[in-house]
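Here is a short briefing on how the chains of this model meet. Please look over the structure before reading on.

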Amino acid sequence: MNAQPTNTQPSHEISPQRPGRVSDAMAPDFLLTVEGLTVSFDGFKAVNDLSFYVDPNEIRVIIGPNGAGKTTVLDLICGRTRATAGSIQFKGRELTKMSENGIVLAGVGRKFQTPSIYEDLTVFENLEISFPRGRSVFGALTFRRDAEVRDRIEEVAHMIFLADRLQTRAEFLSHGQKQWLEIGMLLIQDPELLMLDEPVAGMSVAERKKTAELLNKIIVGRSVLVIEHDMKFVEDIAHRVTVLHQGKLLSEGSIAHVKSDPKVIEVYLGH
Amino acid sequence: MFDSYSISELGSIFVMQGFAGLILFSVYLLMALGLAIIFGQMGVINMAHGEFMILGAYVTYFTSQAFQHFLPALFPAYFFVAMALAFVASGTLGMIVEWGLIRHLYKRPLDTLLATWGLSLILQQVYRSVFGPREVGVELPAWMMGSLKLTDTIEVQINGLFVMTLTVIITAVVAVMMFRSRWGMQVRAVVLNRMMASAVGINTERVDRLTFGIGCGIAGVAGSAFTMIGSTGPTAGQLYIVDTFLVVVFGGAQSLIGTILSALSISQTQSTLEFFLSGSIAKVITLLGVVGILMLRPQGLFTLKVRR
Amino acid sequence: MNPETTPRTGFLTRSQLVGIALLALLIVVLLPLTLDIFRLNLVGKYLTYAFVAIGLVMCWGYGGILSLGQGIFFGLGGYCMAMFLKLEASSVENTKIQSTPGIPDFMDWNQLTALPWFWKPFASFPFTLVAVILVPTLFAFIIGTAMFRRRVGGVYFGIITQAIAAILTILIIGQQGYTGGINGITDLRTLHGWDIRTDHAKFILYFVNAALLFGVIGLCFLVRQSKLGRILVAMRDKEDRVRFSGYDVASFKIFVFAFAAALSAIGGAMFTLQVGFMSPSFVGIVPSVEMVIYTAVGGRLSILGAVYGTLLVNFAKTTFSESFPELWLLGLGGLFIAVVLAFPAGLAGIYDSHIAPRLAKWFSRKGRTPTPAMPVSTPAE
């Protein structure tokens, strides 16, 4: 990546294999621009002066050892945690100042690490809540379940392999099905940037395969930011990989590049 | 409102009201200490906390009666025996309640609130049936009566001083227990990570029970101290419960220093205002101030920023 | 509990309609036919608490927000109505023995010589009707905004609402000249010249109250069956998921809290009309927490259950405190503990798990299984 904004340190690893980018501080063609991002919890810097850039339609995987700050980065982008310093721009809009729901409306969707679904509601109702209409109090009161809503929900339910479970209360789903349901809830939302926190953790081999298949289907027309430990899975889906270590960027580039980076090897195998 | 007082009179007023405030501070702090342990460390809301305090007060009352009748020679020292008995009585009741009620509700804090409210109603009625509806007061030993004259216009009561000294000692003991003893370490370990604490061999159920018992025991001691400055009735505990909760929350639930400072600021504000305004308006302004500040800073005054 | 529920598309399912009809039969037909006017008036008084209990179903059961200060709104609604009635009762000829005729008696006793400014608009009945709803709702809106925007919830919210209830009580008792103090506003007589103290008026007011109650029940079903109702359930379960699905969680909480406050206020106003006075003993902590138990006994997720719970607890209270007053507190305390430990879903839970399946079996010969009246789930936190 050649687009290196002038205000960040030049010491970051830059992978050279994507030429043709105009060096421009505004970088208008990035979907997501993270620069100098820092958050400190009581003096401890969980994320420290982090910068990275995500292109439209790119699948970016963030890896790193435990405590590297991966989940915190997602928390910062979606507004769950507020940055101490730095900026996060999404399509040119500064996210660090926006409310959580404002960030969602701007087009950022986020899946949590443990399946986060509404156990007391049916699969249908779970998906319906994510349908992008009637999100204000008044809108929710007057929301009508019309054909458009029903068709869309059925379409998505089909994609997430839950077409025949629409009337099941979500608490009766298996762990893998719950993960899919949450991915489906994000699909209905139709975000331009989809952030997934360990989408295959705790899944069986068969479920993993299905999930990879599902992810490959849903990335069309959007960027995806994934945190994952499973290297096999990462190799299957990643366009590029960002490696975090102790809140800092350690390495970035194609999977082959990252795998051969001595610093990455040091962190993963050195101790 | 200051027109009618001279400067030196005003000074004396502030000192005397400050002293009255310190007594209030002692009561708040003693009650809040037990609550801060139970709420701050375990996250349990105990609405019956006031009733545990009243139990301590009744124990003190009956101990004083017993000494008067059977051991009049030792009467001057009865209070120290009473305090130990109050701790044991309230603490034991607390452990029974934890076993029978609280432990089933650790995952449902709002329900704990309702259940302990029910418990407080039951205890109040039991006190009323067993001890009678009238308020009872203990007879103070001779050495605790009277007052010290500091200047011509300033004098302080000895029993008040005694309660304050007691508060300081109890607070110090609690601080040492929390931060130096094995139990304190175990409590903090369980609070931070129950699974891990249990995995390294801490009996978390025992720690819970002990913690709840110690918190209630301290409430009992508070009740014991309470008899030195006021009388006791079946519903006296309820009068203080909301104030005490505000003290704990205002200070930041997990901070001992916070609890002390918030008890100090609330009691001083209230007692100073009380002199110039009517008691009810002083209380309203104090509580409004606390609620207002809590709305601005819900995590309390003395908490640190942590990752959610 | 039947795991397969159909999505609710219509307004009410058949079993819900049957439930409402049965309750209406009890309240509008059976009780008025069997009770004398004194007892009926007593039931009317209980039913004003049911407004609060229904509000708590929405706010606590569905929204997961436990308010321990609903007495605030019940009281404010009641006081607004009482102020109007008191002004009408304090006409110049009624109060000509006072040193200042034309103002309420307690003001005269407290050496007030003119009506305070905030009393003046309550001479108008339309203003009063608006104020009954608006004052408490606005107050709830302010409290809710301050708390929920800053993510205060759970037990903290409970404690703060309790503190506000305590503050309001102290204020009302302390400011006797403006509020009537601990006795409250008493000796209310007429509404637009219509004497509300007669048996006939009490009879009519009972039905007005019942009509309002069923209106409120209908409204609650409407809210619960809307997407907003499902969002409340979703929020109680996974607040963050709702937030990151693009909803402003705080505004939904503020809405449901203010909604519950408005319902409580209607109850308070009807209380004043039927009982003929309003006092701080309905505002404070103790009545506020007691109203929570009505909801808990009925089932915190059941709108109709809240009405049954209110009636049941109050009948028990009246019976016990008439014959064994010392037992009542023990019973009430025990009820709190039992409902929390053993029956977190209350009467509605018992109905759902023991009675409804049998009814369903009985009905199933005619058609398919009716959907359960309410989703019973793990208790709200």
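How much area do chain B and chain C bury between them? In this predicted model, the answer is about 3,700 Å², with 80% of it on carbon and sulfur atoms. For chain A and chain C, the buried area is about 3,200 Å². There, carbon and sulfur atoms give 56%.

**Chain B with chain C**

- Chain B contributes 41 residues to the contact, and chain C contributes 42 residues.
- On the chain B side, B:Leu110, B:Leu114 and B:Met295 lose the most area to chain C. Together they account for 20% of what that side buries.
- Two residue pairs are in polar contact between these chains, both residues being at pLDDT 80 or more.
- The salt-bridge count is one. B:Asp111 pairs with C:Arg300, and their closest N and O atoms are 3.1 Å apart.
- Three helices of chain B give two or more residues each to this side: H4 (109-131), H9 (236-251) and H11 (279-296).
- H4(B) gives the most, with 14 residues.
- By residue class, the chain B side holds 29 nonpolar, six polar and six charged residues.

**Chain A with chain C**

- This contact draws 39 residues from chain A and 34 residues from chain C.
- Five salt bridges are counted between the two chains.
- A:Arg80 and C:Asp240 meet through their side chains in a salt bridge, at 2.5 Å from N to O.
- The chain A side divides into 16 nonpolar, nine polar and 14 charged residues.

**A:Glu100, a buried charged residue**

- A:Glu100 sits in helix H2 (residues 100-106) of chain A.
- Is A:Glu100 buried or exposed? A:Glu100 counts as buried because its relative accessibility is 7%, under the 20% cut-off.
- Within chain A, A:Glu100 touches A:Cys78, A:Gly79, A:Arg80 and A:Arg82, leaving aside residues up to four places away in sequence.
- In chain C, A:Glu100 touches C:Arg151, C:Arg243 and C:Phe244.

**Nonpolar cores**

- The largest nonpolar core has 264 residues. A:Leu127, A:Leu181, C:Ile54, C:Ile217 and C:Val307 touch the most other members.
- Helix H2 (residues 37-62) of chain C supplies the largest share of this core, 17 residues.
- Which residues does C:Ile54 touch? The contacts are C:Leu213, C:Val216, C:Ile217, C:Cys220, C:Leu263, C:Ile303, C:Ala306 and C:Val307, not counting residues up to four places away in sequence.
- A second, separate core has 34 residues, including A:Leu37, A:Leu74, A:Phe112 and A:Leu225.

**A:Val220, an exposed loop residue**

- A:Val220 is in the loop between helix H7 (205-218) and strand S8 (223-227) of chain A.
- A:Val220 counts as exposed because its relative accessible area is 63%, over the 50% cut-off.
- A:Val220 and A:Asn57 are 163 residues apart along the chain, yet their C-alpha atoms are separated by 7.2 Å.

How values were computed: Residues numbered from 1 in each chain as written. Chains lettered and ligands numbered in written order. Predicted model: local features only at pLDDT ≥ 70, side-chain atom pairs only at ≥ 80, totals over all residues. Heavy atoms only, no water. Contact = heavy atoms within 4.5 Å. Buried area = accessible area lost by both parts, 1.4 Å probe. Salt bridge = Lys/Arg side-chain N within 4 Å of Asp/Glu carboxyl O. Polar contact = N/O pair within 3.5 Å; in protein donor to acceptor, adjacent residues only side chain to side chain. Helix = DSSP H or I, 4+ residues; strand = E, 2+ residues; numbered from the N terminus. Nonpolar A, V, L, I, M, F, W, Y, C, P; charged D, E, K, R; others polar. Core = buried A, V, L, I, M, F, W, Y, C linked by side-chain atoms within 4.5 Å. Buried < 20%, exposed > 50% of the residue type's maximum accessible area, 1.4 Å probe, protein only.
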